[in-house]
Every structure is written in structure tokens, then in C-alpha cells.
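Visitor: I've never looked at this structure before. Could you walk me through how to read it?

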Amino acid sequence: MATQSVLVVDDEPDIRELLEITLSRMGLATHAAATLAQARDAVSTVQPNLCLTDMRLPDGNGISLVEYIQREYPQIPVAMITAHGSVETAISALKAGAFDFISKPIELDTLRRLVSTALQLDVDTGRTDRAMDRDLIGSAPSICALRQQIGKLARSQAPVHIHGESGSGKEVVARLIHQHGPRAEGPFVAVNCGAIPPELMESELFGHVRGSFTGASQDKVGLFQAAAAGTLFLDEVADLPLAMQVKLLRAIQEKAVRPVGASAEQPTDVRLLSATHKNLAAEVDAGRFRNDLYYRINVIDVHVPNLRERIDDVPALAKAIVQRICASQGSDAAQLDDSAIDALCGYTFPGNVRELENMLERALALSDGNTVSAGDLQFASSAPGGTQSATRKTPVDAGRSRGWSTAEAYGNLEGYLEDIERTIISDALQECRWNKTATARLLGISFRSLRYRLQKLGLDD
Ligand SMILES: Nc1ncnc2c1ncn2[C@@H]1O[C@H](COP(=O)(O)OP(=O)(O)OP(=O)(O)O)[C@@H](O)[C@H]1O
Ligand SMILES: [Mg+2]
């Protein structure tokens, strides 16, 4: 492979020299520029594989160089050298399209890591987009734009915040950003911030040393370190307790963590992605989320559209999901008939793609034969445009979801109640993954009684 080259832009000769020496020791060719004008010239003549630029230059601001390169040579990553602690600069550089930043005084290890990550990009550009099409299905304009945005963001190290309704595909997006970036070979570590008990959170994220608290019988590596050279995905980040938010902010700013009970900090090397279905800005306004942390993790934000805004994608999604489920169960591919597709397209999907998935999984389990029809689908709310939540239904909702009104139930109480029973039992079965013992326990009835009801309702297989 041809020697890769780096352009160093700084008006201080000492810093230029330090950078050039370090880079040549990494086997790279270096070029230097002391002003913006020289830098622009060098970019066009050398077309380096990476550009490192200082912020303040005699003839202008490093950010305008970032913008220039973004516009004219978008394939060249640019990293910004910032004064220590100048968060604002770092963030505006990232927003302008810088790949990453490094603060002064420059730590050589950090510099080396940054450079190798950036140069990895060149190697990765040949990667196909097949994974993107397979994992993020849809041809709505909003989804096509999202795919493009993912491709672009994958090339940067900027923290990205992903927001969207529950089940809309936030984690899918996070994984794709990781898989299409220079850290793809490294780990992708997802943490659900809402699921870790607050008292364990610090040790989970940062690790602990043996004996630092009761129960800490061994050293433990935290998730930040587990994600080293890869990506740390903080899911449901709005659920972080305020005390942890302070510590997280520090970890991000210092690019270092201190395990519980340890005396020294350890440098970290992660790309940070986060997500929540909540409105993070509103959480800040309500005092539940720190403004400074918001500012740091939300450098670039990505919105995942909800499914009802792109209902035309439902047929393709449904077919792909049915295929996926059948393949995972080792069964023959089932079909969705027209009635099923029509019914799905008339629904509002408060629970988005995840709800569609659950619905199809249940339909496949309950349908006899290899074709799913409208009758096999159970909707949580039938009113188009309705906003019912996808969570557990009340009995009356369950009855109505089968198309009953209360008036119709008069005079046919048996049928009405049976429908309610059928919906609730199917829900419970699905929740227990068709384990009948667990289902009976969940419903508070005996196994025998469950078996009887399944037979009576025609739900047994
Ligand atoms: N565009 C899509 N194409 C294919 N599958 C998708 C798409 N969007 C979401 N999915 C699937 O839907 C399910 C839910 O997606 P994901 O977990 O990413 O959603 P989420 O927004 O993180 O949800 P939650 O808020 O519940 O955590 C996953 O199984 C995922 O594979
Ligand atoms: Mg999620």
C-alpha cells in the first residue's frame, strides 16, 4: 500500500515539529502548513489522507478549513487541535464536520490513536452498503436520508444522539453507525441506562477495584473500557441519575475514567452514541438532565422517523420480518396475503417496527399453515390515527380491538368475552414465549385451566 500522508496545519513551529516527528515514526509521510492559505494549497496538491489543524491561525479560523475540506474533499478527515478545556471550539469543529478533536497539550498516545482511527477510514470506504439495506429497511424519503446521514456520521468520531419513538429503530441506527465506521472491528457495547440500578451504575460504567465496596471481590472492567477501540452506546440516556450525569460528563471531557476505588484515572478510547425516546431538551428544561452533558452528547442529532409516517414501507418491512422470523425458527418461509398487508397498512403502529415484529411473530405462531391473513393479526388499537400505547390493553380495549362496540356486546356476551379472553391469553403466551407453564402462572390460572381455555378458544396447536 502507498504511504499514507498527513497534513499538519499549525503556526507554531514547535508543535508542527512535534507532530511531524510523531507521525513519521508511525510510518506516515507528513506535510506542514502555517496558514490557512498554505493549508488550502497543500490540500489540493497533496490530497492527504488526514489533516490535523490548529484552531487559531494567522489568517483565520481552523473551522473554515474544516468547512472548506468538507465541501471540496469530503473524503479527507480533518481533526481539530483545540486549546485545553475549550469545549465550545471542539463542538463547533465537530458540528462543522471535523472527524475528531485533540486538545493541547497534545498527548502522544491519544494522537496516535486518533491518527490510526482516521486512516482506517480509507481502508473501509470500499465496504458495501448491503448491511445498511438489510438492517434498515424502507424506501421512504426520510429513511433514504437517514441512510445517507448514517454513512456520513460513521466517518466521524463526534458524539451522536439518536431520538425517536419506542421501537422505531434507534438501536439499529446506532449499530449501523458503528459498523460503517473506522471502529467497526472494535466492540459495540450497548448499555441501557434505565435498567442498571443507580447504586451499581458507576461501577458498571467505570469499573471498580477489588475491595472498593462490599461485594467487590474482584477487579471489574467497566463498560467504558470494555468498549475500548469501539463504540459505547448509552441507550435511554435520559434515565441516568443526575449524580451519574456529572461523572459521565467528566469522563467525556477528560477522555478518562476512574474505576471506583482506584487512585488514578485511565484513558479511554470510545466513540459515544446515545439514544432516548424522550425529548432530551425538555428533560433539560425540567431540570432532570444536565445542560452541559446535553450539549456534549448531542453534538449531532439524528431523528428516526416513526412508522406511521412512512406506512408505505410496511409491506417491505413486514415481508422481511416474516422471512427473518421463519429463518430463525428454521421453518419454511411463510407468506402474508393481501388481506394481511391491507390490514397492516391501515394501522397506526404506536409501537413502531417493534410492534410490527411482535404482531407478526404472534401471527406466525397462531396461524395454521403457511399464510398469514388479516384474521391472524391482532391490533392493539384499530382506529387509524389513534394514539393508544402499544403496552398492555384493558379488557375492554381488547374486545374493541376485535371490532366490537359495547352495543354489539349486548346480546352476545359470550362471544364478546371469548374475544377478550383470546386476546389476553395470546398476549400472555407471547410474553412467555409460548411456554404454557409460565403463561398459566402469569395469568394466575392452573396449567389445566389454561389448556382447557386454549382448546375452547381454538388457540392450541
Ligand atoms: N428500518 C428497519 N428495518 C428493519 N428492521 C427494523 C427497522 N427499524 C427497526 N427494526 C427492528 O425493530 C426492532 C426495534 O428496533 P430498535 O430496537 O432499534 O428500536 P428502538 O428505537 O431502539 O426501540 P426502544 O425504544 O424500544 O429501545 C428491532 O428488532 C429492529 O431490528
Ligand atoms: Mg432501543
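Visitor: What should I know before I start?

Guide: This is a predicted model, where local features need pLDDT of at least 70, side-chain atom pairs count only at pLDDT 80 or more, and totals for chains, interfaces and linings use all residues. Residues are numbered from 1 along each chain as its sequence is written, chains are lettered from A and ligands numbered from 1 in the order in which they are written, and side-chain values use heavy atoms, with hydrogens and water left out.

Visitor: How many helices and strands are there in the protein?

Guide: Helices (H or I, at least four residues) and strands (E, at least two) are DSSP runs, numbered from the N terminus. Here you get 21 helices and 18 strands. The C-alpha trace spans about 90 × 55 × 45 Å along its principal axes.

Visitor: And how do I read "buried"?

Guide: Buried means under 20% relative accessible area, exposed means over 50%, and partly exposed is in between (1.4 Å probe, protein chains only). In this protein, buried residues make up 49% of the 461 residues. Take strand 1 as a case: five of its five residues are buried, so the strand is largely enclosed by the rest of the structure. Ser5, Leu7 and Val9 point one way from strand 1, while Val6 and Val8 point the other way.

Visitor: How do strands join up into a sheet?

Guide: Two strands pair if DSSP finds at least two bridges between them. One open sheet here has five strands in the order 2-1-3-6-7, with parallel pairing. Strand 2 (29–33) and strand 7 stand at the edges with a single partner strand each, so one side of each has no neighbour in the sheet.

Visitor: Which residues in strand 2 partner Val6 and Val9?

Guide: Strand 1 (residues 5–9) runs parallel to strand 2, and five bridges join them. Val6 has Thr30 as its bridge partner, and Val9 has Ala33.

Visitor: Where else can I find an open sheet of five strands?

Guide: Look for the strand order 9-12-15-8-16, again with parallel pairing. Its edge strands are strand 9 (188–192) and strand 16 (300–303), each pairing on one side only. Within this sheet, strand 8 (residues 160–163) and strand 15 (residues 270–276) pair over four bridges. There, His163 stands opposite Thr276 in strand 15.

Visitor: Next, how do I spot a salt bridge?

Guide: Look for a side-chain nitrogen of Lys or Arg within 4 Å of a carboxyl oxygen of Asp or Glu. The structure holds 23 salt bridges. One of them brings together the side chains of Asp54 and Lys104 (3.4 Å, N to O). That pair links distant parts of the chain, 50 residues apart: Asp54 sits in strand 3 (residues 50–54), and Lys104 in the loop between strand 7 (100–103) and helix 5 (108–124).

Visitor: Is Asp54 buried or exposed?

Guide: Asp54 counts as buried, because its relative accessibility is 5%. In another salt bridge, the closest N and O atoms of Glu283 and Arg288 are 2.9 Å apart. Glu283 is buried at 9%, whereas Arg288 is partly exposed at 48%. Shared partners also join salt bridges into one network of Glu12, Asp54 and Lys104.

Visitor: Last stop, the ligand: which residues are closest to ligand 1?

Guide: A residue is near a molecule or strand if one of its heavy atoms lies within 4 Å of it. For ligand 1 there are 17 surrounding residues, the closest being Ile137, Gly167, Lys170, Arg354 and Glu357. Helix 8 (170–179), helix 14 (314–329) and helix 16 (352–366) each supply at least two residues of this shell.
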